[in-house]
Amino acid sequence: MLAAPVVMAWYYYGQRSLKLIAVSVLFSLALSFICNRLLRREGSGLTASAAVTGLLIALMLPASCSYSLLLTAVLFAFAVARLPFGNGEKTPFVPAAAGIAFVTVCREASVFTYPSLVYPVVAKSDDAFVAGTSLASMLRDGNSIFGGFSSIIKAFIGEYTGAMGATCALALLAVGVYMLVRYPKKFLIFFGYLSAVILLAALYPRILTGSSISVVMELCSGLVLFGGLFLLTEPYCSPSGKLSSLFFGVTGGVVVMLFSRFGVFEDSTCFAILVMNALSPLYESKRAREATSE
Amino acid sequence: MNIDTNTKIRKIIRESLIVKNPVLVEVVGLFPIIAAAVSLKSAIFISAATTVIVIVTGLISSLLLKKVPRFLRVLIYTLTNSGLLFALLRLFTDIAPNETTKLGIVLPLLAVNSFVALHCERHSVKQSVSEAFISCVSSSAGYCAVVLIVGIFREIFGSGTLFDYPISFIPSANGLLLPFGGFIALGFLAAVCKLIRIKLYPHYEEEKVSDVVLTQPTEESEGGK
């Protein structure tokens, strides 16, 4: 499922995005190996979940971010959100969300400075770096895109700058359709989440150009779709029942929209996801909770 | 001192320093560490203030308060702490006015620090003066060690300095200066403390170590209330 965002990141942001992804995944695997040694667990620790953590973190950062920022996020994710919980898949919080939340708090300017898509993408510290305007920053300032069809299509295909893997809403929605076929339970969470986001964006727009543009901009901005697809639906951080999954998704959407509107950061999806991770046991039935604890 | 006394003193020191460390095991007195231990300097001030109030209040409780009812004792601890902190604040302001200002409300709030009240209630009031003194000193040492370690960790990795000297080769993450950085540091320290306890003192049972619930007051402990 993560192949689509990776391809889109490479398409829009070029080789640098692939380098960042590769470094992130390799560093994640190395940390996972070290964690396993520290915990004296069997196996090398070179697991798919470790690689996915690295991949998710890279895709949620701008293509112009420094390697130190990327490695800090990965290090935090492993040291704080994975290692204390056994370095496995069963973690109470999504490690990638924790890593991004941490670097957002520490280096907000670096996390929310995205490269322009018109010029070649280089590191933010480079003199040739040209910053672009993201949809999330436009929404924060109350600015709108043009209301025409071409402008909306541009927003959906990722022509506005943003996090590497999160700008192409069309590709992400296609992943959502794949999720419907392959993982129906996960899709229920995403469906509830998407419904809540669309409803709140339409009812309470942050711009003056109308509800439909507001819905498009909210969906395509920041990590809204990406978070709903890949972070909120993490198996051990979300409920397992059908109805509870749906309600979990709806609450997730409401919390994300509240954070977007009242949060101090341009995009606070990761913080909202972490809050939802903490709330997820409340959505489980007593029987399911007992089964999980066993 | 005979062998029994020595053994008893060693037990008091061992328990209050590591096995029942007030912060890492009993989880008391967290507020100053989480909120204000963001540098070595602030950690030193918090440690100094806490040590003074714990020792003085502990000695007073052991000397004078054994026959006073519990609800009055807690009030007396707070009043004693307030008096001591008033003097300490004046002293700290003279020594380092900037650092004292940075600590803000944290230093005055040490007057109601749960660590002091709990320590006096659990140990000092039931011990002789010498035992209470040793217990207070070792317990303060356990508390101060944690405060200092957290302060050093957060200053190095949060501000990229140590005692205001810049450390250029470590990238700073100023998020660690926020309260969640303090919680994370304490979490890892608690894990290390548990590891040390298991390695050095495996005979201590888990449930006895983390017993932080005050026992029900009895006639004896209430001093004939």
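Are E121(B) and R73(B) buried or exposed? E121(B) is buried, and R73(B) is buried as well, where buried means under 20% relative accessible area, exposed over 50% and partly exposed in between (1.4 Å probe, protein chains only).

The structure is a predicted model, in which local features need pLDDT of at least 70 and side-chain atom pairs count only at pLDDT 80 or more, whereas totals for chains, interfaces and linings use all residues. Residues are numbered from 1 along each chain as its sequence is written, chains are lettered from A and ligands numbered from 1 in the order in which they are written, and side-chain values use heavy atoms, with hydrogens and water left out.

## Chain A

Chain A contains 15 helices and 0 strands; helices (H or I, at least four residues) and strands (E, at least two) are DSSP runs, numbered from the N terminus. The radius of gyration of chain A is 18 Å, close to the 19 Å given by the globule rule for 294 residues, so chain A is as compact as a globular protein of that length. Here the radius is taken over C-alpha atoms, and the rule is 2.2 Å times the number of residues to the power 0.38. The C-alpha trace of chain A spans about 55 × 45 × 35 Å along its principal axes.

Chain A carries 20 positive and 14 negative side chains, and the centres of the two sets lie 6 Å apart. In this count Lys and Arg are positive and Asp and Glu negative, while His and the chain ends are not counted. The place of a charge is NZ of Lys, CZ of Arg, CG of Asp or CD of Glu.

Two residues of chain A illustrate local detail. R40(A) sits in the loop between α2 (15–39) and α3 (48–59) of chain A. Its phi is near 55°, a positive value in a residue other than glycine, and R40(A) is exposed, with a relative accessible area of 73%. V80(A) belongs to helix α4 (residues 67–82) of chain A. Apart from neighbours within four places in sequence, V80(A) is in contact (heavy atoms within 4.5 Å) with F85(A), I184(B) and F188(B). From V80(A) to F248(A) the separation is 168 residues in sequence and 25 Å in space, C-alpha to C-alpha.

## Chain B and whole-chain values

Chain B has 10 helices and 2 strands, arranged along the sequence as α-α-α-α-α-α-α-α-β-β-α-α. V27(B) is placed in the loop between α1 (3–19) and α2 (30–36) of chain B; its phi is near 55°, a positive value in a residue other than glycine.

Accessible areas come from the Shrake-Rupley method with a 1.4 Å probe; for residues, only the protein chains shown count as cover.

| Quantity | Value |
|---|---|
| Buried residues, chain A | 53% of 294 residues |
| Buried residues, chain B | 44% of 225 residues |
| Contacts with a separation of 6 or more, chain A | 71% from residues 24 or more positions apart |
| Contacts with a separation of 6 or more, chain B | 75% from residues 24 or more positions apart |
| Accessible surface, chain A | about 13000 Å², 66% from carbon and sulfur atoms |
| Accessible surface, chain B | about 11600 Å², 69% from carbon and sulfur atoms |

## Salt bridges

Side chains of opposite charge can pair when their charged atoms come close. The whole structure holds 7 salt bridges over all chains, each being a side-chain nitrogen of Lys or Arg within 4 Å of a carboxyl oxygen of Asp or Glu.

One of them joins K41(B) and D164(B), at 2.9 Å from N to O. This pair links distant parts of the chain, 123 residues apart: K41(B) lies in helix α3 (residues 40–64) of chain B and D164(B) in the loop between β1 (161–162) and β2 (165–166) of chain B. K41(B) is partly exposed at a relative accessible area of 25%, and D164(B) is partly exposed at 47%.

E121(B) also pairs with R70(B), the closest N and O atoms being 3.2 Å apart. Because E121(B) lies in helix α7 (residues 114–122) and R70(B) in helix α4 (residues 70–95) of chain B, the pair ties together parts 51 residues apart in sequence. The relative accessibility of E121(B) is 5%, which counts as buried, whereas R70(B), at 23%, counts as partly exposed.

A salt bridge at 2.8 Å, N to O, connects E121(B) with R73(B). This pair again links helix α7 to helix α4 of chain B, with the two residues 48 apart. Through shared partners, salt bridges join R70(B), R73(B) and E121(B) into one network.
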